[in-house]
Amino acid sequence: MKRGAGTIVESDTGRSSNDEGEGESLMKTLFLGVAFLILAGALRLPIASAQGSLAVSIRLPERCRLLTDQQFDLRIEAVGVTHVDASLRVLLDGAEMSSVLPSPEVTSDNDAANTTLDKAWTFRKVAFSSAGTKTLQAIVSDGTRSATARTRIGVQSFRLQDKRNILLFLGDAMGTAYRDAARLVAQSTNHRFREGFFDELLHMDQLPVTGMVMTYALDRVVPDSANTASAWSMGNKTIDGALGVFPDNTDSRFDPAAVQATKQFALDNPRVETLWEYLKRRYGYKTGIVTTADVTDATPAGAGGHTITRSLGYDIARQYVDGVFTSGPTFDVIMGGGKERFVTRTAENSGDARNLAAELQSLGYTYVQTRSELNALSGGPSAPDKMLGLFRTGNMNVAYDKLGLTRPSDEPTPDFEGFADQPFLDEMTVKALAVLSKQGRPFILLVEGASIDKQSHLNHAAGQIWDTIEFDRAVGAGRAALRRNNHTLSSTLVLVTADHDQSMTILGVTDTTVPGAVQNVRSPSAYPSAPASPVTKSRATYPGESDGFPDYADANGDGYPENTNRFRLTVGYRTGAHTGTSVPLTAGGPGALLFTGYYDQTDLFFKMATVLSQNTAALDRALSEKAKLKGVEQNY
Ligand SMILES: [Zn+2]
């Protein structure tokens with residue numbers, strides 16, 4: 001029973017932790033701890049008299065990295081404590097930190113094991129003022145016993161250079177095949193895709209730099225949109241479902257069946273400041289989130305939500321308005337769905353009855369609820385100072401349905417639930433940029449195409465592909481708006497990437513005039529059978545499968561094909577879930593060349609910070625030299 005504790009401890013028996021193994025040991029401790037709890041619960045062991053070994057842990061991941069002055073919460077947990085007055089010392093590179101640390105929140109009996117005593121100290125909003133590798137040491141003394149944990153933290157220097165902007169376009173689940181499918185459908189209209197060449201690429205393809213991003217979570221290979229959002233927004237990995245926080249030992253006390261009574265255990269976790277919060281708090285950046293999802297959904301909530309479970313959308317909305325690291329609201333622009341999180345709050349759903357839309361209006365936000373209201377807003381100098389756009393409850397409808405196209409027979413007809421007048425993502429993006437860039441202050445904006453993921457979960461190919469086209473149009477419209485605004489595009493780093501992949505692959509082209517033609521192989525359909533005969537080279541696997549290219553048309557010239565053509569793209573889904581494949585990124589603007597290569601998703605955060613705080617002139621010259629060295633490569 002005592003095996004579970006002590007693996008990371010430098011105890012009075014002389015066992016010591018080592019920095020490299022600490023994360024792994026910590027995980028072992030957690031797993032063994034869970035096993036122990038289950039045993040104790042099932043067998044009702046008389047463990048009150050058993051004194052567990054004293055163990056201490058610092059609740060930071062092994063490779064924790066921060067910017068100078070980026071605030072984070074330092075939580076130290078001790079288990080196997082015998083005295084409630086057990087004391088803590090924290091050393092930074094061997095020196096006492098007590099004089100510089102804020103006074104901690106001190107709690108005991110935190111974990112679900114109420115037969116044993118544990119104690120935790122949470123120091124809120126700690127930061128390092130200098131760069132370098134720091135060694136943190138936590139020493140807990142309990143009577144005559146003591147235990148120590150150590151961890152290292154990498155701190156990157158940040159000093160704002162120029163007033164540069166960041167525009168991050170995130171296609172949820174937009175892996176390589178998803179970009180390919182959107183290109184094949186959108187850029188093949190009117191025979192613009194012939195002999196294997198496109199006349200034009202997608203807007204997102206035209207950015208000059210490409211990278212690949214590894215998306216693994218702290219606790220698993222296949223991530224979700226919350227832990228991936230935390231990676232790019234706060235520079236650190238966390239566990240599945242978590243936003244802007246690290247796990248702690250009260251998490252298991254959150255009960256989804258009793259949310260209001262137990263949510264304190266999901267909201268009390270050690271938090272890390274996001275780049276949106278950091279830039280607003282320190283430099284007065286204008287901040288924004290624009291999405292086709294509920295604005296409290298995992299991806300937009302990555303920029304300003306702090307909870308161990310993404311399910312607490314009403315609390316995330318409250319965090320946006322009250323600010324967690326900022327004094328006042330976290331964002332100057334919020335646009336998307338999720339209206340109910342702001343205007344129909346009750347004791348049951350959110351623990352308060354506030355009208356957050358009204359509160360934001362009283363703070364100077366312009367509030368719009370329809371596409372018509374949005375498009376009636378002026379741009380330029382008379383654009384609103386701050387903006388809240390809530391166009392629907394839940395997630396917004398997808399592009400295919402907003403366009404009024406007829407869904408294929410294997411996809412459901414849309415339900416707008418009365419919200420018939422919803423904007424497209426490009427319209428939202430252009431208005432957001434008008435608001436954010438109005439006062440000449442630098443800005444950071446997230447634009448999410450959310451239903452690429454949501455439709456892929458359902459294996460709805462039309463819903464998903466046309467949403468990827470909508471997302472790409474937002475990339476084009478956003479860059480065009482910045483280009484019109486004189487120097488803004490040249491001072492804006494534009495990134496287009498995904499948070500994680502899903503399982504769709506491109507299977508080919510289908511002739512829809514063949515009876516029973518298959519345009520979308522859905523999971524859990526049987527895996528495709530092998531080619532009929534390698535001798536005849538017959539590759540037909542599905543009814544209607546055809547060689548050659550698709551023949552999409554865009555008769556009304558709105559940039560979206562009508563999907564009434566004969567030869568259409570065929571795709572297949574292996575699952576209705578995320579996958580662990582790395583995702584592509586394209587980049588343009590100052591410092592874009594930093595994003596070439598293969599790297600972890602947390603590096604996105606530090607690369608964005610580098611672009612803002614270091615001189616990228618040589619890199620930017622190299623990128624323009626690259627453009628001059630083209631041979632007969634097709635010049636898109
Ligand atoms: Zn998803």
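Is G235 buried or exposed? In this predicted model, in which residues are numbered from 1 along each chain as its sequence is written, local features need a pLDDT of at least 70, side-chain atom pairs count only at pLDDT 80 or more, and totals for chains, interfaces and linings use all residues. Side-chain values use heavy atoms, with hydrogens and water left out.

G235 counts as buried because its relative accessibility is 2% (buried means under 20% relative accessible area, exposed over 50%, partly exposed in between, with a 1.4 Å probe and protein chains only). This glycine sits in the loop between α3 (225–234) and α4 (259–262); helices (H or I, at least four residues) and strands (E, at least two) are DSSP runs, numbered from the N terminus. Beyond its neighbours within four places in sequence, G235 touches R65, S230, T602, F605 and F606, where contact means heavy atoms within 4.5 Å. The C-alpha atom of G235 is also 8.9 Å from that of L67, a residue 168 positions away along the chain.

Attention now turns to the metal. The zinc ion has as protein donors D453 (OD), D453 (OD), H457 (NE2) and H578 (NE2), at 2.0 to 2.6 Å; donors are N, O and S atoms within 2.8 Å of the metal (3.2 Å for Na, K and Ca), and water is not among the atoms, so sites may look incomplete. Angles among the four donor atoms run from 54 to 139°, and the site is irregular. For reference, four donors count as tetrahedral if all angles lie between 85 and 135 degrees; four count as square planar and six as octahedral if opposite donors are over 155 degrees apart and all others between 65 and 115; anything else is irregular. Along the sequence, the donor residues follow the spacing D-x3-H-x120-H. The two histidines link distant parts of the chain: H457 belongs to helix α14 (residues 451–457) and H578 to strand β23 (residues 567–579), 121 residues apart. H457 is partly exposed at 33% relative accessibility, whereas H578 is buried at 15%.

Next comes a sheet. Ten strands form an open sheet with mixed pairing, in the order β16-β17-β15-β14-β18-β10-β19-β24-β13-β25; two strands pair if DSSP finds at least two bridges between them. At its edges are β16 (365–368) and β25 (597–600), each pairing on one side only. On average, neighbouring strands of the sheet are turned by 15° against each other, direction ignored. Within it, β13 (residues 209–214) and β24 (residues 583–588) run antiparallel and are joined by five bridges, with G211 opposite L585 in β24. Helix α15 (residues 461–484) lies across β10 (165–171), β14 (286–294), β18 (443–449) and β19 (492–498), at about 170° to β10; axes are lines fitted to C-alpha atoms, for helices over the stretch in contact, and angles run from 0 to 180 degrees between N-to-C directions.

Two loop residues also deserve a look. Most residues other than glycine have a negative phi. N190, in the loop between α2 (176–186) and β11 (193–194), has a positive phi of about 55° and is partly exposed at 47% relative accessibility. E195, in the loop between β11 and β12 (197–198), has a positive phi near 50° and is exposed, with a relative accessible area of 74%.

Finally, helix α13 has 10 of its 12 residues buried, so it is largely enclosed by the rest of the structure. Among those buried are L425, M428, L433 and L436.
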